[in-house]
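I opened the notebook to look up a few things in one chain. I wanted the overall picture, then some single residues.

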Amino acid sequence: MRAATTVRTGPVRTSEWTIPGSAGPLAGRLYQPEKGAPAQSLLVFVHGGGWHVGSVAGYDNVLRFLADRAGIAIFSADYRLAPEHPFPAAFDDVGATFRYAVDHAEHWGIDTARIGIGGDSAGGNLAAAVALTVESRYRPAAVALLYPALDWNLDHYPSTTMFTVPLDEGCVRRAMRWYAPTAREQADPRFSVLSAADVSPMPRTYVATAGMDVLRDQGSTLVTRLRGSGVDAELRRFDNLPHGFASMLVDHEARTATEDFARAVGSILDAAPTADPG
């Protein structure tokens, strides 16, 4: 990850935070870009890794890049990983992280009305699940997803069998089973977001997919369902890129696509109405 994501950014200040999780403390890191005015918007970003690998340390360059290019603060935290910690451990930890960010936003100089949640791949799954189910007082201003996994039932999507690199159908099914091993868990909307009967509680949503990705059609299906439910949702597909392109920043096209994502998310959050001081 570090070798594939080492690119130049502007100055980004980081600070370490400890989040009280239901099963113990979680390590979090806040990224604040230092060029220009202090950021008032924040994206809680959930790292990917198939629910069983990945860390904030591994994503450090990606998070710095997103903060710099979006011009917003980024907060990210580690969460418990499968198979040692199956569903809903990761979901619970990400929920705790998001609530912590909202509760501490004013201390960080963040407008509480301009806090979104997002992530890539399995992180996108966790971000979408939290956004769909979180209490109304914690409802994010926006959701930003990179090539998310959203449904256990891969048979519904033509893209599942169209591609084999860097993911194929088998490795996706295996990772999903490690995280959600039972049929009941696999059908739970806190995991299979697209199984939810009602997706209208989702806030404004921005989804970026990779054209050459077994998960491609899941992202576009979510956007279609959201629009049908009256949710403001936007889809951007990068046809010539594979799954995981945000972890390939040394490649010009992957870097440009990730920059596009960052700037879009920054614009969405910065345009959100400010919190009522009363």
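**Entry 1: the whole chain**

I noted at the start that this is a predicted model. I looked up the secondary structure and found seven helices and eight strands. The radius of gyration is 17 Å, close to the 19 Å that the globule rule gives for 278 residues, so the chain is as compact as a globular protein of that length. Along the principal axes, the C-alpha trace spans about 45 × 40 × 40 Å.

Next I checked burial. Buried residues account for 55% of the 278. The accessible surface comes to about 11,400 Å². Carbon and sulfur atoms hold 51% of that surface.

I also looked at contacts between residues at least 6 apart in sequence. Of these, 76% join residues at least 24 apart.

Then charge. I found 25 positive and 31 negative side chains. The centres of the two sets lie 2 Å apart.

**Entry 2: the nonpolar cores**

Which residues touch the most other members of the largest nonpolar core? They are Leu42, Trp51, Ile117, Leu126 and Tyr179, in a core of 63 residues. Helix H3, residues 122–133, gives the most to this core, with eight residues.

Beyond its neighbours within four places in sequence, leucine 126 contacts Val46, Trp51, Tyr79, Ala90, Phe91, Val94 and Tyr179. I also noted a second, separate core of 34 residues. Among its members are Phe45, Tyr59, Ala142 and Ala144. As background, nonpolar side chains tend to be buried together in soluble globular proteins.

**Entry 3: helix H1**

How many of the 11 residues of H1 are buried? Eight are, so I logged this helix, residues 60–70, as mostly covered, with under 20% relative accessible area as the cut-off for buried. The buried ones are Asp60, Val62, Leu63, Phe65, Leu66, Ala67, Asp68 and Ala70.

I then asked what covers the buried residues of H1. The cover includes strands S1, S2 (24–33), S3 (42–46) and S4 (73–77), together with helix H7 (252–270). Just after H1, glycine 71 takes a positive phi of about 70°.

**Entry 4: threonine 5**

Threonine 5 lies in the segment before strand S1, which runs 12–21. Is threonine 5 buried or exposed? It is buried, with a relative accessible area of 0%. Setting aside neighbours within four places in sequence, I listed its contacts as Asn61, Val62, Ala246, Ser247, Met248, Leu249 and Val250. Val62 is also one of the buried residues of H1.

**Entry 5: arginine 13**

I moved on to arginine 13, in strand S1. Its relative accessible area is 40%, which makes arginine 13 partly exposed. Not counting residues up to four places away in sequence, arginine 13 touches Leu30, Tyr31, Gln32 and Glu34.

**Entry 6: threonine 209**

Last, I looked up threonine 209, in strand S7, residues 204–212. Threonine 209 counts as buried, at 1% relative accessibility. Not counting residues up to four places away in sequence, threonine 209 touches Tyr147, Arg216, Gly219, Ser220, Leu235, Arg236, Arg237, Phe238 and Phe245.

How values were computed
Residues are numbered from 1 along each chain as its sequence is written. This is a predicted model: local features need pLDDT of at least 70, side-chain atom pairs count only at pLDDT 80 or more; totals for chains, interfaces and linings use all residues. Side-chain values use heavy atoms; hydrogens and water are left out. Helices (H or I, at least four residues) and strands (E, at least two) are DSSP runs, numbered from the N terminus. The radius of gyration is taken over C-alpha atoms; the globule rule is 2.2 Å times the number of residues to the power 0.38. Buried means under 20% relative accessible area, exposed over 50%, partly exposed in between (1.4 Å probe, protein chains only). Contact means heavy atoms within 4.5 Å. Accessible areas come from the Shrake-Rupley method with a 1.4 Å probe; for residues, only the protein chains shown count as cover. Lys and Arg count as positive and Asp and Glu as negative; His and the chain ends are not counted. The place of a charge is taken as NZ of Lys, CZ of Arg, CG of Asp or CD of Glu. A nonpolar core is a set of buried Ala, Val, Leu, Ile, Met, Phe, Trp, Tyr and Cys residues joined through side-chain atoms within 4.5 Å.
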